[in-house]
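Work through the exercises below with the sequence and the 3D structure at hand. Each task is followed by a stepwise solution.

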Amino acid sequence: MSYVAVQGGRDAIERACESYEHRRSGRTSAPLELDQIREQLHLAVDRVMGEGGLYAPEHASLAFRQAAGDTFEAAFLLRAHRATLPRIAQSEVCSTGPMRVIRRISSAFKEVPGGQILGPTSDYILRLLELDPLEDPVERRNHLRERLFSGKEPEGGIPDEFPRVVELLRREGLVQAVSTTSEEPFDITRRSMLYPAPRSARLQSMARAETGALLFLAYSSMRGYGDIHPTLAELRVGYVPLTVTNPVTGRTFVAGEVLVTEAEVVSRFSEPGGEPRFHLGCGMCFGHNELKAISMGVLDRCLRSTAPSCPAEDQEFVLYHADGIESMGFANHWKLPHYVDFLSDLDRLRKAREVAHARA
């Protein structure tokens with residue numbers, strides 16, 4: 001493959017950039033403020049943070065506005081910005097046990113310890129366009145705030161920590177133990193991944209993969225091009241504290257909280273030659289992104305298959321093709337000049353036609 005450098009046409013390129021900026025800024029509408037994007041388009045911001053690999057709601061909102069709502073481009077901008085940042089410190093291993101939960105559901109059991117918390121979701125709303133304009137958004141917001149936060153706490157209060165649903169199955173020995181090692185987690189931002197990749201590398205790679213790509217692969221396995229039919233043991237959305245050790249005093253302190261979505265799925269059991277148990281898959285990502293966490297959980301289980309039989313169970317296929325920024329870059333490169341390549345193909349086609357006509 002060879003490219004031809006673009007020469008000349010500098011004015012045309014500058015006009016194209018200005019035209020893009022003009023279209024992005026709109027004609028008569030007011031410019032979007034970052035707090036509007038961060039608060040009212042928070043699901044898109046969370047998606048950009050996850051795929052950009054950087055938890056920074058302000059910067060993700062800025063990237064989303066700069067990219068005119070293109071999540072691929074926004075994630076690219078955020079990941080490129082991340083590459084310029086110094087690595088000041090590293091957090092301690094984080095447990096999601098003390099998560100400040102805002103949503104917690106289980107499709108495995110109706111009654112779970114601590115109860116189910118439906119939280120902020122569109123799952124129970126009719127999928128109909130709201131064609132009527134809001135009469136008074138501020139009044140509506142105040143009304144909702146009054147209804148949501150003026151009520152009494154549930155009897156017994158809200159527990160500080162919710163027990164995991166999977167533990168109910170573990171106590172009876174019904175869940176297969178996932179093998180773990182004491183080695184340091186593989187850092188995919190500093191080392192090239194080799195196959196077979198360790199589980200820590202697989203989960204990192206999927207945590208910043210494109211949501212649609214993960215959903216596509218997990219869906220293929222769930223529909224029958226694989227062997228995983230999951231049940232959602234638990235889905236959590238909440239804020240997890242990050243603990244950092246002070247390099248001078250050696251004391252640990254909570255540096256802040258990050259919003260994450262965590263999913264644990266169990267799949268049908270099959271243990272040839274062993275005791276039948278459910279198989280567990282886990283997924284966790286930045287922000288509120290339930291489809292991505294569930295898809296990660298399904299693929300985590302798929303990628304532990306000892307005899308891969310479909311694309312969703314093939315490590316190289318999944319991890320090489322699920323990164324949205326890499327796949328976007330490759331698809332976009334076809335817009336670069338390929339004059340030499342195409343002229344070569346054209347010459348070969350003409351020669352082949354001459355040979356075919358001579359034989360006829």
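**Exercise 1: the sheet**

R103 stands opposite V237 in β2. The model is predicted, so local features need pLDDT of at least 70 and side-chain atom pairs pLDDT 80 or more, while totals for chains, interfaces and linings use all residues. Residues are numbered from 1 along each chain as its sequence is written, and side-chain values use heavy atoms, without hydrogens and water.

Task: state how many bridges join β1 to β2, and give the strand order of the sheet.

Step 1. β1 and β2 (residues 230-245) run antiparallel and are joined by 5 bridges; two strands pair if DSSP finds at least two bridges between them. Strands are DSSP runs of E with at least two residues, and helices are runs of H or I with at least four, both numbered from the N terminus.

Step 2. The order is β1-β2-β3-β4 in an open sheet of 4 strands with antiparallel pairing.

Step 3. β1 (100-105) and β4 (279-286) are the edge strands, each pairing on one side only.

**Exercise 2: the helix on the sheet**

Task: find which strands helix α10 touches.

Step 1. Helix α10 (residues 290-302) packs on the sheet and touches β1, β2, β3 (252-267) and β4, contact being heavy atoms within 4.5 Å.

Step 2. The direction of α10 makes about 145 degrees with that of β4; axes are lines fitted to C-alpha atoms, for helices over the stretch in contact, and angles run from 0 to 180 degrees between N-to-C directions.
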